[in-house]
Amino acid sequence: MSNKEVKAALKSARDAIRNKEYKEALKHCKAVLKQEKSNYNAWVFIGLAAAELEQPDQAKGAYKKAIELEPNQLLAWQGLANLYEKPNQIDVKGDLANVYQKLLELYESGDKQKWCDVCNKLVELYHEEKKYLEVAETWQKLIRMKQEEGAGKAELHQLWKKMIQLLKDSTMNQDNKTEQLLLTAFEHALDSADTVPGEDHQNLYKDFIQCLSKFPHEVARLEKACRDMMALYPTMSYPLEVLCLHFIHSGTLSEKALHCFSALLEMDASSGPGIIGFGIKCLKEKKYREAVKSLTEGLQKTNQCPAAWHYLAKAQMNIHKHRDAVLSCNQALEALGTPEGPNLQWKNLALQLKAETLIKIADADAAEEAIKVLEQIVDASSDPVVSALRGQAYLNKGLMDQASKISQELLLSHPDLAESHALEGFIHYSQKNYEQAERSFLNAIERKAGTAEYHLYLGLTYWFMSDETKKDKGKALTQFLKAAKLDSYLGNAFCYLGNYYRDIAGDKSRARGCYKKAFELDEMDEESGTAAVNLSVELGDMDTALSILNEVTEKASPGTAKWAWLHRGLYYLRTGQPSQAVADLQAALRADPKDSNCWESLGEAYLNRGSYSTALKSFRKASELNPGLVYSIYRAAALEQILGKYENAIATYQQILKKTENYVPALKG
C-alpha cells in the first residue's frame, strides 16, 4: 500500500466513524496497520471505533499504543480520557487522574480554556476520592493560571471561595499542608471580598474563625482573626464567643481570658460561653456555689463543651455534691466522644475526677464503678496518684489484700507522695489500727498540709483511739477545726465538732451551731439534723427546731426523711395539735412501716383527736410489731372498753397482767 493509499484508507476510516460505521472503520485501520505498524492515527481511530463498539480493552490498548508512539500528541490522550470517563468504566480513577495531568501539561502552552476544563475535572475527581491535598494544589494552579490571564478581583474571590468549599471536609484529616492551604484560601477570599464590611464578608469571617478553632496549634492565628473581626464588626458577639470557648478549652485562666469573659458578658449577658467563663473564674476564686450556678446556667445554652462539664464536676465535688459531680463527668465524657490530641487530656482528667468522686460516695457499687473508670485512663499505670485512687477503691469494695499491695508498692516507689501515706492511713483506720493510722496521716499532712480530708481522718483517728485523745483539745478538736477551716463545705468535720462540743465540752449552743451547719451542707445527714433539732428543743428554741423540720419535710419526697416527720409529729402531739400529728406520723410510717414506736405515737394522736377505732388499730399494730410494748396493749384494751367491746377488753387486760402483775392501769381497767 502506497503512501497515497494509506492516506485514503485513513480518510475512509474517519468518514466511517463520522457515519457511525465503526466496524467499517476498524477494517480500514487494520489495513493501514498491515502496511505501517506505527501509524499513530490508525491506532487512535481503532481506539475510537472500539470504544463505540463497547470493546473497552481493545480501545485502551489502541490508545496506549498510540501514546507509546507519540507521547506528546493530544488525540490519544483525549481519547483515553473520554474512554475512562464512560460510566461503565470501573477502577480507572487513578489512571484517569494521570491522563488529566498529562492533558494539563499538553494544554498549558496552548488552549487555556481547555486547560481550565480539564483542571476542573481533575479537581472533581480528587474530591470524590477525598484526596484533599491534591484538590488544594490543583485548584491553586487554576487560580495562578487565572491570575496570569489577568482575572478580575470578583472572579478570583469566587475561585478562593470555591476552594474553601472543596476543602471544608478536610479538617477531619489533620493534614498540615492541606490545612495551611485551606487557611490561605480563607485569607485570600477575605482580602478579595467586594463589600467590607458586608453580610457575605461577615459570614466568611465566621467560617474562617470556626475553621481555625478546629486546629489546636493555630492559637495565635485564631486570636488575631477574632480581634480583626471584632474591629470590623464591633456589635457581633460571635468572635468573642469563639475566643472565650478557646480559653475555656485551653484550661488556662490568664488576664487576657478574664478580660474576654467580661467583654462578652457586657455585650451579651445571656451568652453561654460568657457565663461559663464567669463560672470558671468563681471556681478559681473558691466561690464554689456561685461556680455551680453559673456553669449550670452556661451549659444549658452551650452544652457541647467538655471542659465546662469538667469544671462543673470540680465545683460540685468541692461542695461535696458527689452524685451530681459523677453526672457532670459523664456529660463531659459524652461530649468528648472518641478524642485525640488535647481532648485526650480532657478525657483523662474527666475519668480521674469521676473516679475520685465515686470513691467519695464510699459504697461498694460506686467503688466497683471507680475501678472500671480508672482502667480507662491512658497511661494510668505510670501515675502514682491514680494508683492511690485505685487502692482507695479496692478498700471501699472490701478488697483489703489488693489495697494493701498497692499501698506497699507506693510507699516503696513514691515515699514523698502524700497520697501514698494517706492510703496507708485509710487502710489502718478501716482496721481500727489507730496508732498506725495516726502515724500515716501525720506523714500525709507533712507532705500536703492543705488537704482537709487528711485532717478530718486524723481527727477521727483520735476520736476513736481513746477517751484521752477524744477529750484532748490538741488532738481530735484541733484536727476537726483545721479540716473545717480548710474546707468549709466538709459536713463531717462540723458534725464531729458538734459531737465534741455536746459530749465533751458540754457547750450545747456551740454544738447546735455545728450540727446546724453540717446539716445545711448535707441534708441527707440525719444524725446532724436530729442533733440540731434535739439541742434546739433542750435550749428552749422551738422556732429553730421547727424551721429545720419544716425545711426538710417541704423538700422530702414520699417515703423519705422519717426522722423529720417523726420529730415534728411528736412536737404536734405534745402541743395539743393531734390532726397535724396524725399527718406527720403517717408520713414517717411511709418511710418505715415497721417502726412500732411510731405506730404507738400515731395511736396516741388518733386518740387525742377522738378517732377511737383508728387509734385502736394503730395500738394493735404497734403491739403486733413489738409484743413488749405494754403501753400499746393497755391503750388497745382501754379503747375496746370505751367502744363497748367489754369481753375483748377484759381478755386484753388479763393478757397484760399475766406479763406484768402489778401494772396499775390494767388493774384499774
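I began with the definition of an aromatic pair: rings of Phe, Tyr and Trp (its six-membered ring) pair if their centres lie within 6.5 Å, and planes under 30 degrees apart count as stacked, over 60 as edge-to-face and the rest as tilted. By that rule I found that the structure holds 18 aromatic pairs.

I noted that this is a predicted model, in which local features need pLDDT of at least 70 and side-chain atom pairs count only at pLDDT 80 or more, while totals for chains, interfaces and linings use all residues. Residues are numbered from 1 along each chain as its sequence is written, and side-chain values use heavy atoms, with hydrogens and water left out.

I looked up Phe 441 and Tyr 457, a tilted pair with 5.9 Å centre to centre and 35° between the planes. Phe 441 belongs to helix H24 (residues 434-447) and Tyr 457 to helix H25 (residues 452-465), 16 residues apart; helices are DSSP runs of H or I, at least four residues, numbered from the N terminus. Phe 441 is buried at 0% relative accessible area, whereas Tyr 457 is partly exposed at 24%. Buried means under 20%, exposed over 50%, and partly exposed in between (1.4 Å probe, protein chains only).

I then turned to Trp 463 and Tyr 496, whose ring centres are 5.8 Å apart with planes at 80°, so the pair is edge-to-face. Trp 463 lies in helix H25 and Tyr 496 in helix H28 (residues 491-504), so the pair ties together parts 33 residues apart in sequence. Both Trp 463 and Tyr 496 are buried.

I recorded one aromatic cluster, whose members include Phe 441, Tyr 457, Trp 463 and Tyr 496.

Notes: Helix = DSSP H or I, 4+ residues; strand = E, 2+ residues; numbered from the N terminus.
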